[in-house]
Amino acid sequence: MESVDVIVIGAGFAGATAARDSALAGNSVLVLEGRDRPGGRTWYRQFDGRDQKLEFGGTWIAPTRQPFVRAEIERYGLDLFQSPNYSQFGWGIGGAVSHERFPFPPEEWAALERVIAKIDTDSDRVQLFDVPLGQPELADLDIPFTDYVHALNLPARVSDFILAWPTFYFGAYPDKLSTLHVLSWNKGFGSAVGWYLLLVDKFLGGTGVLVEKILSEAPLDIRYGVDVRSIDDDGQRVVVTDADGTQFSARNVIVTAPINTWERISFTPGLPSSHQAMSVEKQAGESVKVWALVPKQDDFFFGAGMHTTFKWLASEYTTADGTYLVGFASAEADLDGNDIEAVTRAVQEYLPGVPVLAVDFHDWNNDQFSNGTWMAYKPGQVIAHSAALQVPHGRVYFGNSDLASGWAGWIDGAIESGARVAAQSNAALAESSVVAAG
Ligand SMILES: Cc1cc2nc3c(=O)[nH]c(=O)nc-3n(C[C@H](O)[C@H](O)[C@H](O)COP(=O)(O)OP(=O)(O)OC[C@H]3O[C@@H](n4cnc5c(N)ncnc54)[C@H](O)[C@@H]3O)c2cc1C
């Protein structure tokens, strides 16, 4: 049986960071990745077999507010570029789609200001990065986001507008979404306006550029197509077994598989209660991200809505082929991203008469290595489980964007969490080496 100091399961951003930091501390590291590529829930690939490459998973970063991804950009000297400025708008709120730049009449401005002020004030209570999100004094906020908003008795358009943002940002309908998790992102952006203005930066050359940089800085043995199915910790060593029955052994194992996939792996001893609960309950993120090519549009479009199929629809690129739109639908819409007629109907809710020439998407919700999109804590889960999820289980450590203390659900959170588990594991290995030497 092959034997190393550390096995890292998963080569997404958390796994890459954990593997690099474990190797830089002097450990031999084996990375076992189920897919045939690194990057996990990020994937920069060709659209519909054409020359144009697009991001089918994680894409946008806000480096001014996301310290972990910013540090990696500086470390490797990476270049970014930005999404376009929009000049055409669509708002699916209050039961219709309207196209004003600002979709509220003067008599609703005060209500909009009131809810934004409340969100900003409540999010100031959340501490990011240094402690897990489940801070006990915030238990009153770990409630459905719909309850939080409806308690404010807002006009229908304002209520729809406020509910629409987390619906597309989390890929979860807001009755399934913890207000505390929503407010943690508001704290991250620094204000409600930041959700709209700050998330514009993208990696030049794609997210894969950074993953590859991280994976190539230190000596790593990376194996692709290895589907881990069991992890057995006897207290001295951990044995990892894949779907073919091949076994590998390590002093420590770092699991970066997403929460929604933990049920596929058999753990001995069995998982602690919070890990077990989350593996069964799952997190709520089930977005459907779709790219649609339409004839060249003169204006860059941005649309958001609560009752529209796409909760977010925006133009991202115009090339000789036409204009590429990106849309996010929540699972309730039951949209098949490969069904060009269904996508056309969804696009035309915002852009009547605009034909769709081609579509492409990746079905993360039916992908066995993600079984969902990105972290969206359900009501009650943050307080009950987020702190416990960061505690190692014997020699098995859990790191993933889902478990971050800052931007849980983001590339930044994946890097934060990967670095944290590597530091925990490195410290334990160093300590046990000292004890053994003594
Ligand atoms: C459609 C979509 C859009 C998104 N948009 C954004 C965005 O704009 N900005 C942003 O910051 N974030 C975004 N995200 C979220 C972001 O991509 C993720 O939070 C982040 O990439 C997760 O990284 P990770 O390493 O924690 O997990 P993952 O990337 O999921 O990595 C885990 C790895 O473990 C592997 N694995 C799982 N099970 C096994 C097993 N049994 N054996 C072996 N390997 C296994 C997986 O194949 C995967 O490679 C988006 C995600 C999606 C899906």
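Visitor: In strand 11, what is the bridge partner of Asp233?
Guide: This is a predicted model. Strand 10 (residues 228-233) and strand 11 (residues 238-242) run antiparallel and are joined by five bridges. One of these pairs involves Asp233, whose bridge partner in strand 11 is Val238.

Visitor: How many residues lie between strand 10 and strand 11 in their hairpin?
Guide: The turn of this hairpin includes Gly235, which has a positive phi of about 95°. Between strand 10 and strand 11, the number of residues is four.

Visitor: In which sense do strand 10 and strand 13 pair?
Guide: Strand 13 covers residues 266-268, and three bridges link strand 10 to strand 13. Ser230 has Ser266 of strand 13 as its bridge partner. The sense of the pairing between strand 10 and strand 13 is parallel.

Visitor: Which are the edge strands of the open sheet with seven strands?
Guide: The order of the strands is 7-6-15-16-17-14-18, with mixed pairing.

Visitor: What is the bridge partner of Gly90 in strand 15?
Guide: Strand 6 (residues 88-93) pairs with strand 15 (residues 301-305) in the parallel sense, over five bridges. The bridge partner of Gly90 in strand 15 is Gly303.

Visitor: At what angle does helix 10 run to strand 14?
Guide: Helix 10 (residues 340-350) lies across several strands, among them strand 6, strand 15 and strand 16 (310-319). Strand 14 (288-294) is also one of them. The angle between helix 10 and strand 14 is about 85°.

Visitor: Are helix 3 and helix 6 roughly parallel or roughly perpendicular to each other?
Guide: Helix 3 (residues 109-123) packs against helix 6 (residues 179-189) at about 90°, and their axes are 8 Å apart. Angles of 65 to 115 degrees count as roughly perpendicular. Helix 3 and helix 6 are therefore roughly perpendicular.

Visitor: How many charged residues are in the contact of helix 3 with helix 6?
Guide: Helix 3 contributes Ile119, Asp120, Asp122 and Ser123, while helix 6 contributes Leu183, Asn186 and Lys187. By class, two residues of this contact are nonpolar and two are polar. The number of charged residues is three.

Visitor: How many residues does domain 2 give to the contact with domain 1?
Guide: The protein chain is divided into domain 1 (2-41 + 206-271 + 393-437) and domain 2 (84-199 + 282-379). Taken over C-alpha atoms, their centres are separated by 32 Å. Domain 1 gives 15 residues to the contact, and domain 2 gives 21.

Terms used. Residues are numbered from 1 along each chain as its sequence is written. This is a predicted model: local features need pLDDT of at least 70, side-chain atom pairs count only at pLDDT 80 or more; totals for chains, interfaces and linings use all residues. Two strands pair if DSSP finds at least two bridges between them. Helices (H or I, at least four residues) and strands (E, at least two) are DSSP runs, numbered from the N terminus. Two residues are in contact if their C-beta atoms, placed from the backbone, lie within 7 Å. Axes are lines fitted to C-alpha atoms, for helices over the stretch in contact, and angles run from 0 to 180 degrees between N-to-C directions. Angles under 35 degrees count as roughly parallel, over 145 as roughly antiparallel, 65 to 115 as roughly perpendicular and the rest as oblique. Ala, Val, Leu, Ile, Met, Phe, Trp, Tyr, Cys and Pro count as nonpolar, Asp, Glu, Lys and Arg as charged, and the others, Gly among them, as polar. Domain bounds come from an automatic or database domain assignment.
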